[in-house]
Amino acid sequence: MNYFLLVTLNKFCRVVLAPLTRTRSYGNVPQPHVFLYYSQRTTKGSFLISEAIGVSDTSHGYKDTPGIWRKDQVEAWKPIVSAVHDKGGIFFCQLWHTGRISTKDFQPNRQAPISSTDKPVKTQTPPRQLSTNEIPQIVNDFRIAARNAIEAGFDGVEIHGAHGYLIDQFMKDQVNNRTDQYGGTLENRCRFALEIVEAVVNEIGADRVGIRLSPFANYMDSGDSNPSALGLYMAESLNKYGISYCHMVEPRMKTIGEKVECPKSLVPMRKAFRGTFIVAGGYDREDGNKAVDKGRDDLVAYGRLFIANLDLPKRFELDAPLNKYNRETFYTSDHVVGYTDYPFLENVV
Ligand SMILES: Cc1cc2nc3c(=O)[nH]c(=O)nc-3n(C[C@H](O)[C@H](O)[C@H](O)COP(=O)(O)O)c2cc1C
Ligand SMILES: *[C@@H]1O[C@H](CO)[C@@H](O)[C@H](O)[C@H]1NC(C)=O
């Protein structure tokens, strides 16, 4: 199946579930309540991206985030993915490695977390810089995790290259201070990301691969001196692999009731990239419609609104009122409260 076509032709549901870490996968294994959470948020023909899922035992950096490197994790994902398929959704698995955002507490034998650098971020455990010859193993972890995701039934994977995690720690010049072929020039800093893309494409096929990037974001001290050039270089380089989609996070930040326009723009990257383009970050119904009407973006991913509105596509269609999200329960561990107990539209009016 060609997911590029499938996603772009699915114009009747351009509302994508953004990847959302919810910290309810006790012991890094997704639980039965995770099944309910995703199936609640599935509309026929809609596209869902999973929460970030760890690729290896060194990858996770938060309590109770899921993984897909072990057999029991793969088995636990199977019924969850089936539930989404049963309701007619397309489900991609977001693959991540947190790198230096992790701490000793989450690492095997309380080792230092790994990164492109040994520069620490804030109060985290100082990372250990990967040596050049260790890098192929990390690339391989992504490849195996992608194969596991397909085995679990996912339609494809989204490589998490955003938000200051491991891949971003290589791409951004304010983090990466390597002197080997993975550091220095833009081409060198993007090499790790593109090697992962290539390995994953070779393993599961380009149609089943997307990537998420946030060139403009500087979370966790992960800024870059020229984010526009970085984003454009990645968009152009990705064309070589023919991947299904590129998912970019907007440079703007928006707070409730106030729109902050940012002079920077994803438009050059959208023009350069030949597959499906997904945008995310601060979108509401109106902005999302505008982005799609102008033919600028193919799909729009919603995060916080989708946490609180499990029937978001329907509410958008009807222009119905929205539930408010409760930030306090984003990362708590209760398997119901703030997770699967937001009301459906029928139960509100
Ligand atoms: C609770 C929460 C968890 C998130 N987890 C992830 C994640 O696992 N992977 C990721 O790429 N982005 C993650 N994000 C970022 C969202 O995908 C999205 O880009 C962000 O919330 C902005 O979109 P919004 O304004 O529609 O919420 C998370 C955001 C929130 C609020
Ligand atoms: C990178 O920066 C850190 C912190 O300043 C320093 O300890 C390290 O030696 C630098 N690495 C290289 C390869 O220059």
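Which polar backbone atom is 2.8 Å from an oxygen atom of ligand 1, and to which residue does it belong? In this predicted model, the atom belongs to the backbone of Pro19.

Two further polar pairs involve ligand 1. A polar backbone atom of Gly303 is 2.8 Å from an oxygen atom of the ligand. His160 contributes through its side chain: an N or O atom there is 3.2 Å from an oxygen atom of ligand 1. In total, 16 residues surround ligand 1. Pro19 is among the closest, together with Thr21, Arg212, Gly282 and Arg304.

Ligand 2 has Asp118, Lys119 and Asn177 around it. Asn177 places a polar side-chain atom 2.3 Å from an oxygen atom of ligand 2. For the side chain of Asp118, the distance from an N or O atom to an oxygen atom of ligand 2 is 3.3 Å.

Two helix pairs were then examined. Helix 2 spans residues 32-40, and helix 3 spans residues 71-86. Their axes lie 8 Å apart, at an angle of about 20°. Angles under 35 degrees count as roughly parallel, and helix 2 and helix 3 are therefore roughly parallel to each other. Their crossing is right-handed. On the helix 2 side, the contact is made by Val34, Phe35, Tyr38 and Ser39. Helix 3 supplies Trp77, Pro79, Ile80, Ala83 and Val84. By class, this contact of helix 2 with helix 3 has eight nonpolar residues and one polar residue. No charged residues take part in the contact between helix 2 and helix 3.

The second pair consists of helix 6, residues 186-204, and helix 7, residues 227-238. These helices pack at an angle of about 40°, and their axes are 11 Å apart. That angle makes helix 6 oblique to helix 7. The crossing of helix 6 and helix 7 is right-handed. From helix 6, the residues in contact are Leu186, Glu187, Cys190, Ala193, Leu194 and Val197. They meet Ala229, Leu230, Tyr233, Met234, Ser237 and Leu238 of helix 7. By class, the contact of helix 6 with helix 7 has 10 nonpolar residues, one polar residue and one charged residue.

How values were computed. Residues are numbered from 1 along each chain as its sequence is written. Chains are lettered from A and ligands numbered from 1 in the order in which they are written. This is a predicted model: local features need pLDDT of at least 70, side-chain atom pairs count only at pLDDT 80 or more; totals for chains, interfaces and linings use all residues. Side-chain values use heavy atoms; hydrogens and water are left out. Axes are lines fitted to C-alpha atoms, for helices over the stretch in contact, and angles run from 0 to 180 degrees between N-to-C directions. Helices (H or I, at least four residues) and strands (E, at least two) are DSSP runs, numbered from the N terminus. Angles under 35 degrees count as roughly parallel, over 145 as roughly antiparallel, 65 to 115 as roughly perpendicular and the rest as oblique. A crossing is left-handed if the near helix is turned anticlockwise from the far one by less than a right angle, and right-handed if clockwise. Contact means heavy atoms within 4.5 Å. Ala, Val, Leu, Ile, Met, Phe, Trp, Tyr, Cys and Pro count as nonpolar, Asp, Glu, Lys and Arg as charged, and the others, Gly among them, as polar. A residue is near a molecule or strand if one of its heavy atoms lies within 4 Å of it. A polar contact is a pair of N or O atoms within 3.5 Å; within protein, one must be able to donate a hydrogen and the other to accept it, and residues adjacent in sequence count only if both atoms are side-chain atoms.
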